[in-house]
Structures are given as C-alpha cells and as structure tokens.
Amino acid sequence: MTETVLRSLPTSDGPPSRWRRFSGEWAADRQAFAGASWRKAMMWIFLLSDTFVFGCFLIGYMTVRMSTTVPWPNPSKVFALEVGGTELPLILIAIMTFVLISSSGTMAMAVALGYRRNRRATALLMLVTALLGATFVGMQAFEWTKLIHEGVRPWSNPWGAHQFGSTFFMITGFHGTHVTIGVIVLVTIARKVWRGDFDIGRRGFFTSQRGGYENVEIAGLYWHFVDLVWVFIFALFYLW
C-alpha cells in the first residue's frame, strides 16, 4: 500500500507534472511583476477597476441605443458648431480630441525627461499637459452649455430618443471629472518637480512619504488611460 502511494507522488525525475508546469508559469508571472513598486501596482489596479466602470457605462449606452424604438439624434447635427454663418459638423469635438491626444504626447515626454532628472523640462511639460487638459474641460463645458441652451436635458431632448441626454451627460461628465482630477494631480506633481522635492527626498504634506520621479510616470499612466477612454467615447458618441 505504501509503495503504491509513493509511486503516485510526483518525483523530480522524468517530465514535469501538470501541477509543476502550472506552478512554474505562475512563478514566472510573479517574477515579471516583482519589480513593480507598490504605488505603480495600485495605479494599475485602479485603472483596471475604472476600465470596468467605463466599460459598463459604454455597454449600457450601446444597449439603450440599439433597443430604443425612437430615432437616435444625428451627431453631425447635434454637435455641429456655426462658424461665420456656416454649420460645421463635429468641429468642436475634433478640436477637443486633438487637444487631448496632444496632451498624451507631452505627458510621455515629461515621463522620459523625468527619469533623466531634467527637472525644469519635466515640470514645464507637465504644466503644458495640464493646460491642454484644462482646455479640453473648458471646451467640454462650452459643449454642455450649448446643448443645455438648445433644450437637451437628462430626461429629454428636441431631436429624438430621450435617453440621449442622460447617457451623454453621465458618460462625458464622468470622463470630464477624471480629466479635471488629472489636471489637479499634474499641477501638484509639477510643482514638486520644479521645487526639487524628488531630488532631495522631501516628504509629502499629506502622506509624509518621500516621493520620486516614478510619481511622474504614475501620473502619466492615469493620463494615458483618460486619453484612451476618450477615444472610445469619441467613436461611440460622435461617430456612430
């Protein structure tokens, strides 16, 4: 009986068992993430959870749009802007998208220069990114004001399905809140970089912890995520 049990146990000789192959693959994944700091890992977890939230919002929007029996408002007409007596469809949205995508480029340069310890260039590029983000929020506020003035409400609108207003204000407002928070974070970290807090290891006011240039990268992860989400919002709300 004892010999039978011993024979059934895996040994180090011969091909590895299925369990050992699985444990070896899991160990490799652990090693891949072993170098990630606690702050960066937490940011990735937050972005993953936020992806689920935005995903639920967008799936709900698509479900409502495809199931409603009332015609959906035409984006080219709803989001058109009159310039010099000529109605230009989606011109404001195109500018907003260009501004936000450009801010992703300046943020990427700020991260690269941050790890090179180029303090002034990093701070300036982060401030430029924050300025572009604030510009985006300002144009979004103008867009909201225009639609509200034309009669769009969360419960009704003059162009078609009533669900248009509620889904539009909820999703774009949620995204705009993320951009606003990102602008505040960028300005705060840019100030720390400009003062040299990360070079001398000065402790933070709220956390009492010493920061580093990795904070610039973590802010960049958040900002790139916000930009990526806007691509999906742009495609589903304005182009569909």
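How many aromatic pairs does the structure hold? In this predicted model, the count comes to 18 aromatic pairs. Two of them involve helix α9, and they make a handy way into the fold.

Take F79 and Y238 to start with. Their rings sit 4.6 Å apart, centre to centre, with 65° between the planes, which puts the pair in the edge-to-face class. F79 belongs to the loop between α4 (75–78) and β1 (81–83), while Y238 is part of helix α9, so the contact ties together parts that are 159 residues apart in sequence. Both F79 and Y238 are buried.

With F136 in helix α6 (residues 119–149) and W230 in helix α9, the pair links parts that are 94 residues apart in sequence. F136 is buried, at a relative accessible area of 0%, and W230 is likewise buried, at 0%.

Helix α9 (residues 214–239) also packs against helix α7 (residues 163–195), with the axes 10 Å apart and an angle of about 160° between them. At over 145 degrees, that makes α7 roughly antiparallel to α9. The crossing of the two helices is left-handed. As for what lines this contact, its residues divide into 19 nonpolar and six polar, with no charged ones.

Charged side chains do turn up over aromatic rings, though. R65 lies over the face of W240, 4.4 Å from the ring centre.

Conventions
Residues are numbered from 1 along each chain as its sequence is written. This is a predicted model: local features need pLDDT of at least 70, side-chain atom pairs count only at pLDDT 80 or more; totals for chains, interfaces and linings use all residues. Side-chain values use heavy atoms; hydrogens and water are left out. Axes are lines fitted to C-alpha atoms, for helices over the stretch in contact, and angles run from 0 to 180 degrees between N-to-C directions. Helices (H or I, at least four residues) and strands (E, at least two) are DSSP runs, numbered from the N terminus. Angles under 35 degrees count as roughly parallel, over 145 as roughly antiparallel, 65 to 115 as roughly perpendicular and the rest as oblique. A crossing is left-handed if the near helix is turned anticlockwise from the far one by less than a right angle, and right-handed if clockwise. Ala, Val, Leu, Ile, Met, Phe, Trp, Tyr, Cys and Pro count as nonpolar, Asp, Glu, Lys and Arg as charged, and the others, Gly among them, as polar. Rings of Phe, Tyr and Trp (its six-membered ring) pair if their centres lie within 6.5 Å; planes under 30 degrees apart count as stacked, over 60 as edge-to-face and the rest as tilted. Buried means under 20% relative accessible area, exposed over 50%, partly exposed in between (1.4 Å probe, protein chains only). A charge sits over a ring if NZ of Lys or CZ of Arg is within 6 Å of the ring centre and within 35 degrees of the ring normal.
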